[in-house]
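The entries follow in the order in which I made them.

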Amino acid sequence: MLVRSLTQPKGLINGGSIMGNGLYLYGILPTNRVRPLALHGLDKQPIQTHPVDEFSFLYSETQQERYLASRRNLLGHEDVLEKVMQHGYRSVLPLQFGLIVKDWDHVKAQLIIPYQDRLKELFHKLEGKQEVGVKIFWEETEELNLLMTENQELREKRDSLEGKRLSMDEIIGIGQEIERAMQDRQQGIIDKFQQTLNPLAQEIVENDNLTSAMIYNAAYLIPWDIEPQFGDKIEKLDHHFNNRLRIRYNNFTAPFNFAQLNP
């Protein structure tokens, strides 16, 4: 089953907070000439831009000293970046959720001056490209039942032990055998996705699985114009596995995984 998904912001630099109200930063654009955006961010504050050298920072005025990482705030942060991209600014470097500053001198001293060349490198890398994300979930019990249906040798071995008084070694042995078979089954699913999708990507980031049901979590950097082709392959993979997997596909997000200051 294919599901559209949102990604929790990771961002370019770590977030933080300061005492008193300030400026909440969302991201950076590669130009100091930005059209009015008519967007609103956290606390329904207008999104503004401020030029620092050849870049522009997306920000809104804060109404709180600290923003909790709630689902609403996280999605609000990401929504701003996505809407800016929809306004035609496809190359945007996302900043970590929760970053608040008092003044622009601090931004220039801490980010622009030491990292100006790296920021230019990132914008060059992201030109004409977008991030898409794929998360794969499975139902472990259902997969175990399918494994036993398909693997006659393992099924017969398990069935032969039913009703017998088993030693600890026998219990551990059959358990380990089933576990290895499940790991192989999981890896087979991952391999199929990688063989199908990886050739389309210019860069790939594999992230940690977030739940016990998640078996794969990856971000792909692809050219904008091949996203329909990439999405079609996701659909075909979903059908290949008879819709028994839950696939979350995020086909439009700021490049959180590919905009890191430290290469």
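Over the face of which ring does R246 lie, and at what distance from the ring centre? I found R246 over the face of F137, at 4.3 Å from the ring centre. A charge is taken to sit over a ring if NZ of Lys or CZ of Arg is within 6 Å of the ring centre and within 35 degrees of the ring normal.

I noted the basis of the work: this is a predicted model, in which local features need pLDDT of at least 70 and side-chain atom pairs count only at pLDDT 80 or more, while totals for chains, interfaces and linings use all residues. Residues are numbered from 1 along each chain as its sequence is written, and side-chain values use heavy atoms, with hydrogens and water left out.

**Entry: rings.** I looked up R90 as well, and its charged end sits over the ring of W224, 4.0 Å from the centre. I then turned to ring pairs, for which the centres of Phe, Tyr or Trp rings (the six-membered ring of Trp) must lie within 6.5 Å; planes under 30 degrees apart count as stacked, over 60 as edge-to-face and the rest as tilted. The structure holds 10 aromatic pairs. Y24, Y26, Y67 and F97 are linked into a cluster by such pairs.

**Entry: strand β7.** Helices (H or I, at least four residues) and strands (E, at least two) are DSSP runs, numbered from the N terminus. Buried means under 20% relative accessible area, exposed over 50% and partly exposed in between, with a 1.4 Å probe and protein chains only. In β7 (residues 129-137), I found nine of nine residues buried. In a regular strand the side chains alternate between the two faces of the sheet. Here K129, E131, G133, K135 and F137 are buried on one side, and Q130, V132, V134 and I136 on the other.

I next looked up the partners of β7, where pairing requires at least two DSSP bridges between two strands. Nine bridges join β7 to the antiparallel strand β9 (residues 214-223), and E131 stands opposite L221 there. Six bridges join β7 to β10, again in the antiparallel sense. F137 has R246 as its bridge partner in β10.

**Entry: polar contacts.** A polar contact is a pair of N or O atoms within 3.5 Å; within protein, one must be able to donate a hydrogen and the other to accept it, and residues adjacent in sequence count only if both atoms are side-chain atoms. The side chains of N257 and E131 make such a contact at 2.8 Å. N257 is in the segment after β10 and is buried at 10% relative accessible area. A polar side-chain atom of T62 lies 2.5 Å from the backbone nitrogen of G22. T62, in the loop between β4 (55-61) and α1 (71-86), is buried at 3% relative accessibility.

**Entry: helix α6.** I recorded E227, F230, G231, I234, L237 and D238 as the buried residues of α6. Down the helix axis they fall within an arc of 115° (taken over the directions from the axis to the C-beta atoms), so they line one face. K236 and H239 are exposed on the face turned away from that side.

**Entry: positive phi.** N242, which follows α6, has a positive phi near 55°. N243 has a phi near 60° and is partly exposed at 41% relative accessibility. K44 has a positive phi of about 60° although it is not a glycine, and K44 is exposed at 71%.
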